[in-house]
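Let us walk through this structure in a few steps, beginning with the spaces left between its atoms and ending with one residue.

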Amino acid sequence: MTLSIGMITIDTPAATPLATWWAERFGAAVVQDFGGEFVILGGGGLPVLLGFQQVEDATPGKNRIHLDLAASDLDGAVDELVAAGAGLVERRGDDTFRWVTLTDPDGNLFCVSGQHDAEQALT
């Protein structure tokens, strides 16, 4: 059996506002909206669809799945994300590989690394 990623889905108490926030970060667009209960983003810098599912109860504890993003200018990207409402959790790594852990407006963790750093980690 061969599987592929169809979509990455994030639970949230308010699907539309969080989807809008991420759409602005990726230059993406809403491709489907099911009455604000489930919103799907595509295009822009997204290699896959992102789904935002409205739920009554937030998942407790640390995310079990999170987005790892890459940017050509790590520090500049982090500054822009924080200015747009992301929360800074921690700057991590060393001279060989750096990344920054942040939260989106709902408190979901995600990480950003330098594009060059991410490519080197794969080799």
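The lining of the largest pocket is made up of 9 nonpolar, 8 polar and 5 charged residues, where Ala, Val, Leu, Ile, Met, Phe, Trp, Tyr, Cys and Pro count as nonpolar, Asp, Glu, Lys and Arg as charged, and the others, Gly among them, as polar. A pocket here is an open set of points on a 1 Å grid over the protein atoms alone, where a 1.4 Å probe fits, with protein on both sides within 12 Å along at least five of seven lines, and lining residues have an atom within 4 Å of a point. The model is predicted, with local features needing pLDDT of at least 70 and side-chain atom pairs counting only at pLDDT 80 or more, while totals for chains, interfaces and linings use all residues. Residues are numbered from 1 along each chain as its sequence is written, and side-chain values use heavy atoms, with hydrogens and water left out.

The largest pocket holds about 500 Å³ of space, a volume being the space filled by probe spheres set on the points, which are joined across faces, edges and corners. Its 22 lining residues include Ile10, Asp11, Asn63, Ile65 and Asn108, the closest to its centre. Strand E1 supplies the largest share of this lining, 5 residues; strands are DSSP runs of at least two residues, numbered from the N terminus.

Strand E1 (residues 7-12) also contains Thr12. Thr12 is buried, with a relative accessible area of 1%, where buried means under 20% (1.4 Å probe, protein chains only).

Key. Helix = DSSP H or I, 4+ residues; strand = E, 2+ residues; numbered from the N terminus. Buried < 20%, exposed > 50% of the residue type's maximum accessible area, 1.4 Å probe, protein only.
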